[in-house]
Structure formats: structure tokens, C-alpha cells
Amino acid sequence: MMQSKMYPTKPLPQQQLSDSNRRIIDSNGPSPLVYQVWKGNNRFCLGGRLVFGPDLRSIFLTVFLIVMPVILFCSFVSPKLINEFPHSVANLIIAICVLFTGYVIILLFLTSGRDPGIIPRNSHPPEPEDEGDGSSISADWPGNQNGAPNLPPIKEVVVNGVVVKVKYCQTCMLYRPPRCSHCSICNNCVERFDHHCPWVGQCIGKRNYRFFFMFVSSTTMLCLYVFAFCWVNIRKIMDAHDCNLWRAFLKCPVSGILILYTFVAAWFVGGLTAFHLYLIFTNQTTYENFRYRYDGKMNPYNRGCALNIVDIFFSKIPSSRNNFRAKVTGDSSSVFTTSMPLGPAMSPEIPKRSFDIETGKRQAVAAEDFEDIQSQMESVGGLERCGTQPRRTNWDHKLNWEMSPDIRMLAGEFEMERGFTERQKINGGL
């Protein structure tokens, strides 16, 4: 019969810790910044000053699609315009094209590099307003398993005399305000959510919709500008050489390529501009237009065409609700992302011992947290070595043993690898 052996659960003396461990548990260490432990899928640049979506690389494709035609226009078409127009007029044509392109690029980064209106997550579910709110909720509603059994999935609020339903977001643990929706790509609730645009790599919401429309409409005008002067160049070639359209294209093929490219692009961004003009005039979002169809119903947000335009273009853009460059203070469980812990008893503590995903550095951890982890692990190992656990239980590493990488690292710091090895050998022998 196997002899049971229990390891003491008393934490290791402080003097046996290495210097690196002392630095890790130093409570006076630097606190992480909010953007470093952000739960959403956003990408941050310049120390959290710029907030991008997860598909950041698509911005470079968009910049290429805008800048390359302008380079071709200035390199191959504009020299011919200089010969056909007075130098002052030709130089003005080129200067307007270059400056307008710069303006479009600035609008692109104003759209993609700012907080679109992210609503901060709650660290805990909100308290139910009425005990009867959850009486009619089904037991298998997912909210019942997330620590919010008494919260109804939908609530009704009144907006301008119209009843509007707002949903509870299980990810952000809050009731979304009217016109708010959770973006599955960015993993954030966004205020006045319009859509997630892959071309700018960012959600379009309350804080960047104005710049998005200006970007789309300005890109349309830039396409029409290049398209028009390429046609002017072709007409000048036809008149100068007394040839037909096809021969003129052969004499300046870049003009023909740009005419075709800008024609297709103008249809795309021009149609998008016209659609968003309709949305602005009726005070709708893309999400609302496709989901709710206000054509046959009362739109509670429509204040008339003039006031709708003022609301979009002349109202003050609200400040961001998030200070991404602030230090994380207090309970950081609302910003750290963790995997499943060892057991229910440890789950409230796990968020305090997580990795900074972006920087790859460990954060400051209190010494007593390490003691809790050590005692829990040694208790589990002792139970398995005593044979008190069934062969196939939730603790069986072959079946449901789940341990986050940060806990494994912490176990190694406290020289617990020996305990894991013995436990694995015992389970293998069983």
C-alpha cells in the first residue's frame, strides 16, 4: 500500500526567496497602466495615446490605396498638364492634389487612432434595482452563470417618449445605454455604435463618426479630382495629336489606369457618402438602419434634418470615458484577463496575479498572495498523494486539469516543480 506523504502548507521563509522573487513581490513596484492590461482587443501606440482596433494593418493598405494613385498622378500626368496650362495654374493643380491627400490621411488617423466611445467595463455586475426583476428569468440564461442571477437580460427605458429596450452585456457587465452595442471584433461596448470599419481598422462610434464621414466624403472628392484632370489630360492629347481616344490612352497609359481606378473607387466611397448622408439627415446609425428599420416606425432620435446635421457636425465631441495612461490602482480584477483557476476557492484571487499581455512583464504581487497559491497547490498535491481524490475527478490532470501560465510560473518561482512531478508520477502509476 502506498504510504501517504503530506507536505507542510507553511509558506517558505522570506530569507529563502531569491532576489528576483523579492523584486516581484515588492509592493512598491511600478503599477501597470490601464492600456497595458486592457481587456479589449485594441492596439495602443505612443504609450496609450493612440487607440487602434485589432486590425491595425488594414490602415496601411488604405493609406497605400490613397497615396499611390496620387503619386502616379503627380509623376506622370502633372508634367503633361504643365505643358498644357500656364505654370502657375499647373502648379496649383498639383499643390491642391497633394494638400488634399494629406488632409485625407489626417482624417483617416483621426478616425482610426482615437477612442470611438468605449464604455468602461464594470468589475462586478450591477445591483438589481428590484427583487422582482429576475423572477421571470429562465434558469439557463447565461447571466445566471456569471454572477448576476437577478439581472434581467433586457430593460426598457424611455427616450423622447418612446420605449427603447436596452440589453445587458455579459462581457462588460453593464446595461448598454441606448444606441450602444458590443463590437465582437474590438470586444468593447461602444457608445452610439455605427459599425466596425475594416478600412480604418476601428469601430465607428460617437467620438469618431464625424471624422469618419469627413474621411469618406473627402476621399470621394479626391477621386473625382484625379479623375477629372486625367480626362483633361486625355482631351489635350487628343487635340494636340488629332487622334482618337484609344490612341490617346496609348500615349499616356497612366491616365487611362487612373481614370479606371478612380471611377471604381468613386462609386464605392461615393455610394458610402450618399448612404451616410441619408443616415445623418434621419439621425440613424448603420446598425440601427439594418437592424430596426425605422422607415415604418417612429425614430426616437430624429429631431429634424437641420438639428440632426447640427448634432453630428457642430456638437461638442464628448471626452473619452477611459484614461488609458492612468495607473491601475486598487483591485485590478476588472482589467486583468485570466484563465480558469485551480478551483472555486482561488478564483477571486487569480486576477491579481496575471501577466501584462502587451509588455510581457510580471506585475507587482503581494507576498500573501504567493502564500495562498502555495498552500492551495500543496494541499491539492497532498490530497492526490494520499489517494483521497478519485482517479478521475476535476483535479485529474489528464481530464480537466486547467492551470493558467502565470500560475505555473509562480509555482516555479517557489520551487514547486518537484511537487508537480511527483503528482504526475503518482497519477501515471494509478
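A helix here is a DSSP run of H or I with at least four residues, and a strand is a DSSP run of E with at least two. The model on screen is predicted.

**Stop 1: residues 254-281.** Select this span and check its secondary structure. The span is 100% helix and 0% strand, and its end C-alpha atoms lie 39 Å apart. An unreviewed UniProt entry annotates residues 254-281 as "transmembrane region", along with 59-78, 90-111 and 211-234.

Stop 2: Residues 59-78 are 100% helix and 0% strand, with 27 Å between the end C-alpha atoms.

**Stop 3: Ser58.** Now select Ser58, which belongs to helix H2, residues 57-84. Is Ser58 buried or exposed? Its relative accessible area is 18%, and the cut-off for buried is under 20%, so Ser58 counts as buried. To see what it touches, leave out residues up to four places away in sequence and display Pro198, Trp199, Val200 and Gly201.

**Stop 4: the sheet.** Select strands S3, S4 and S5, which form an open antiparallel sheet in the order S3-S4-S5. Which strands stand at the edges? They are S3 (154-159) and S5 (174-175); each has a single partner strand, so one side of each has no neighbour in the sheet.

**Stop 5: S4 against S5.** Stay in the sheet and select S4, residues 162-169, together with S5. The two pair in the antiparallel sense over 2 bridges.

Definitions and conventions. Residues are numbered from 1 along each chain as its sequence is written. This is a predicted model: local features need pLDDT of at least 70, side-chain atom pairs count only at pLDDT 80 or more; totals for chains, interfaces and linings use all residues. Side-chain values use heavy atoms; hydrogens and water are left out. Two strands pair if DSSP finds at least two bridges between them. Buried means under 20% relative accessible area, exposed over 50%, partly exposed in between (1.4 Å probe, protein chains only). Contact means heavy atoms within 4.5 Å. UniProt positions are given in the numbering used here, feature names are shortened, and annotations may be inferred rather than shown by experiment.
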